[in-house]
Amino acid sequence: MSLATGLAMLDELLQYVGENWHREGVADGGLDPSRVFVLDDGRVRVLPAGVTPPDADAAAYLSPQQRDGKEADARADVYALGVIAYRTLTGALPYAPGASEPTDPRTYLPKLTDRVQRSLLIAVQENLTERFGDALTFRAALRGASDLALTSP
């Protein structure tokens, strides 16, 4: 998939999650690529949990807070969306086994813009206060409509 196609798909996914869940104060807490589908017209939809078998790497999409047994909020979804975005664009997961920091996505895509690189790295931060507060804020950052300021719900 081309970078432009991947970014367009991610834009649609972030808008969908932001407008249908996060604006309503709802978090999914179980997003992974097995639930994300691109329709023939280019629109993106997320299937309900349990409809498809989870991605083989489903645990990689859980936020550190969820792995610690805490309840999911919009920032947990942002983490999952960040991992989905990172993997969609680079073909790799953001964290190498045993790593405490995500791999710079430019390792895989050297010509990635500063804005996209920074947005991806913010979305997959292990510390939830360093992550975007919701999917629409992540989307705005990717589109350049944000100064990448973090917002907490």
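Close-up 1. The side chain of Thr 52 reaches the backbone oxygen of Ser 34 at 3.1 Å. This is a polar contact, meaning a pair of N or O atoms within 3.5 Å; within protein, one must be able to donate a hydrogen and the other to accept it, and residues adjacent in sequence count only if both atoms are side-chain atoms. The model is predicted: local features need pLDDT of at least 70, side-chain atom pairs count only at pLDDT 80 or more, and totals for chains, interfaces and linings use all residues. Residues are numbered from 1 along each chain as its sequence is written, and side-chain values use heavy atoms, with hydrogens and water left out.

Thr 52 sits in the loop between S2 and helix H2 (64-67). Ser 34 belongs to the loop between helix H1 (3-20) and strand S1 (36-38). Helices (H or I, at least four residues) and strands (E, at least two) are DSSP runs, numbered from the N terminus. A polar atom of the Ser 34 side chain lies 3.1 Å from the backbone oxygen of Pro 53. Ser 34 counts as buried at 16% relative accessibility. Buried means under 20% relative accessible area, exposed over 50%, and partly exposed in between (1.4 Å probe, protein chains only).

Contact means heavy atoms within 4.5 Å. Neighbours within four places in sequence aside, Ser 34 is in contact with Thr 52, Pro 53, Pro 54 and Asp 55. With that same exclusion, Thr 52 is in contact with Ser 34, Arg 35, Phe 37 and Leu 47.

**Close-up 2. The largest nonpolar core.** This core has 33 residues. A nonpolar core is a set of buried Ala, Val, Leu, Ile, Met, Phe, Trp, Tyr and Cys residues joined through side-chain atoms within 4.5 Å. The residues with the most contacts inside the largest core are Leu 13, Val 17, Val 46, Leu 81, Leu 120 and Phe 138. H1, strand S2 (44-46), H3, helix H4 (114-123) and helix H5 (135-143) each supply at least two residues of this core. H3 gives the largest share, 9 residues. Leaving aside neighbours within four places in sequence, Leu 13 is in contact with Val 36, Val 44, Val 46, Leu 81 and Ile 84.

**Close-up 3. Helix H3, residues 74-90.** H3 has 17 residues and reaches 24 Å from its first C-alpha to its last. That is close to the 24 Å expected at 1.5 Å a residue; the expected span is 1.5 Å times one less than the number of residues. Of the 17 residues of H3, 15 are buried, so the helix is largely enclosed by the rest of the structure. Gly 91 follows H3, with a positive phi near 85°.

**Close-up 4. Aromatic pairs.** The structure holds 3 aromatic pairs. Tyr 16 and Trp 21 form one that is edge-to-face, at 6.2 Å centre to centre and 70° between the planes. Both Tyr 16 and Trp 21 are buried. Phe 132 and Phe 138 form a stacked pair, because their ring centres are 5.3 Å apart and their planes lie at 15°. Rings of Phe, Tyr and Trp (its six-membered ring) pair if their centres lie within 6.5 Å; planes under 30 degrees apart count as stacked, over 60 as edge-to-face and the rest as tilted. Phe 132 is buried at 0% relative accessibility. Phe 138 is buried too, with a relative accessible area of 0%.

**Close-up 5. Salt bridges.** A search of the whole structure finds 8 salt bridges. Each is a side-chain nitrogen of Lys or Arg within 4 Å of a carboxyl oxygen of Asp or Glu. Arg 45 and Glu 12 meet in one of them (3.8 Å, N to O). Arg 45 lies in strand S2 and Glu 12 in helix H1, so this pair ties together parts that are 33 residues apart in sequence. Arg 45 is partly exposed at 25% relative accessibility, and Glu 12 is partly exposed at 22%.

The side chains of Asp 73 and Arg 75 also meet in a salt bridge (2.6 Å, N to O). Asp 73 is partly exposed, with a relative accessible area of 23%, whereas Arg 75 is buried at 14%. Asp 114 bridges to Arg 106, with the closest N and O atoms 2.3 Å apart. Asp 114 is partly exposed at 49%, and Arg 106 is partly exposed at 25%. Salt bridges that share partners join Asp 11, Arg 139 and Arg 143 into one network.
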